[in-house]
Amino acid sequence: MPRSVITILGGGFSGSALAAHLARLPGSYCGDVHIVEPRPVLGRGLAYSADRPEYLLNVRARALSLLADEPAHFIEWLGRNEPAADAQAFCPRQLYGRYVQEMTQALLPTPAANGLRFHWHQTHASSVLPAAAGQAATVELASGTQLVSDAVVLALGNFPPLPPARSTDGRYLSHPGFHGSPWEPGALRTIAIHDSVLLIGSGLTAVDVVLGLRAQGHQGPIMVVSGHGRWPAPHIAVQPAYPEFYTRSLRGLISVGCVLRAVRQEIRRAAAGGIDWRPVLDSLRPDLGRIWMAWPQAEQSRFLRHLASFWTTVRHRSPPQNVALLEEMQRSGQLTQHIGRVQHIEPLGEALRVHARHGSHISKLTAQHVIACTGPLLDYTRIQEPLIVQMRQAGLLQPDPLRLGLLTDVHGGLIQADKTISSVLFTLGASRRPQSFESTAVPELRQQAAELAHYLGAQLRQA
């Protein structure tokens, strides 16, 4: 009997979650699942690869199971491997990476209970070539291997951001004090303890960098420049769940202003009852996709221009111990914040000078090290990864008009340049932000993985 073939391009969290859910499909299958991941281990991806215990997850352990239908799975793993860990705690990222790695590596030695066999190719894909009939595609690997596949899933995660400033000659990009990605191995090791540092961005990545510098004993000044000047809001003690209010107050609202007024009214109602705003926003989590998709494109664009940065700070929060450390460093004067958008960066001997605009005012800040802590590149028209370039030129994928990711159907099937929906090519993870806006956190990604696994399972050959 010919075997079905699924190829997953990417072995970080999203690819690993999809593989884990495929292995748990009920029934008996005749098929192979190939995971293409060039990193030295599966499962960790970029988010969980840093060997730094001070980098904490920003979600409590109880909410981080890899498996959508087994919410206690990670807690049970912690009980066996880290008995001192608390389900309400914020675990180190590297510990969570170990959990995902073990889950994924365990799929490789023997077939799953449903008969699927899993294979790891420690390389990257160079091209995807659909068959003429459109019912299969050949994935060409850099190693020379060709995988003729019934389904190909892009699980490529986040791409590094573009350079943070315009430059006529780009000299700052090659300056030893410029760090384009804080996630590169050893990215902070060249920073001496008394060196001055400037961070571009004040989100969760910047928080991690400050923690990393602090753990290294850094004593020099740290400046932070961002367009809004806000840190992520702190988590508070666990609160009872707030009742769903989408059906009562938000269903059918098609403008950002109307939704904003309704949410503010709900927050005021909760506050009158002594309830914090955080559970109110958290209760919207299952409905965020419906709210986003109800808005016309002009309203989505308005949200991105005026509210997206604020939403990020209140939605993606920081562990309270991290916030306490930031406040302590600000009180001591070691950490200072500046509001402005970076316009220009120029080398200045062994240092770099950053020009940041806030209104009509230009600040000129000088530091020995500048670290880009901006968000990932989401615009697939500008991503220069060879595989993405090849698929884009071949019309196999289509960036969305707001440049948030890729156009897909509800299953993650790629909408191609000719507007047809591929029955072979799929994606999950950050690339699906156009459909739901929220497509970065574990609960959303594992649900995508579970749904896509069941959809693909229906297409697999039964043994």
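Author: Happy to! The second largest pocket holds about 460 Å³ of space. A pocket here is found on a 1 Å grid over the protein atoms alone: it is an open set of points where a 1.4 Å probe fits, with protein on both sides within 12 Å along at least five of seven lines, and lining residues have an atom within 4 Å of a point. Its volume is the space filled by probe spheres set on the points, with grid points joined across faces, edges and corners.

The second largest pocket is lined by 21 residues, and the closest to its centre are Leu 260, Val 263, Leu 281, Phe 303 and Trp 311. Two or more lining residues come from each of α6 (256-272), α7 (277-282), α8 (288-294) and α10 (308-315). Helix α6 gives the largest share of this lining, six residues. These labels follow DSSP runs numbered from the N terminus: helices are H or I with at least four residues, strands are E with at least two. Sorted by class, the lining has 18 nonpolar, one polar and two charged residues. Nonpolar covers Ala, Val, Leu, Ile, Met, Phe, Trp, Tyr, Cys and Pro; charged covers Asp, Glu, Lys and Arg; the others, Gly among them, are polar.

Before we move on, a word on the source. This is a predicted model, in which local features need pLDDT of at least 70 and side-chain atom pairs count only at pLDDT 80 or more, while totals for chains, interfaces and linings use all residues. Residues are numbered from 1 along each chain as its sequence is written, and side-chain values use heavy atoms, leaving out hydrogens and water.

Now follow the chain on from α10. Arg 317 sits in the loop between α10 and α11, and Arg 317 is buried, with a relative accessible area of 3%. Buried means under 20%, exposed over 50% and partly exposed in between, using a 1.4 Å probe and protein chains only. Pro 320 belongs to helix α11 and is partly exposed at 36% relative accessibility. Although Pro 320 and His 235 are 85 residues apart in sequence, they are 5.6 Å apart in space, C-alpha to C-alpha.

Helix α11 (residues 320-332) also packs against helix α4 (residues 204-215), at an angle of about 70° and with axes 11 Å apart. So α4 is roughly perpendicular to α11. Axes are lines fitted to C-alpha atoms, for helices over the stretch in contact, and angles run from 0 to 180 degrees between N-to-C directions. Under 35 degrees counts as roughly parallel, over 145 as roughly antiparallel, 65 to 115 as roughly perpendicular, and the rest as oblique.

Another pair to look at is helix α1 (residues 13-23) and α14, which pack at about 45° with axes 8 Å apart; α1 and α14 are therefore oblique to each other.

Last, the backbone. Phe 437 is in the loop between α13 (433-436) and α14 (442-457). The phi of Phe 437 is near 65°, a positive value in a residue other than glycine, and Phe 437 is buried, with a relative accessible area of 8%. Arg 403, in the loop between α12 (386-393) and β16 (413-415), has a positive phi too, near 60°. Arg 403 is partly exposed, with a relative accessible area of 36%.
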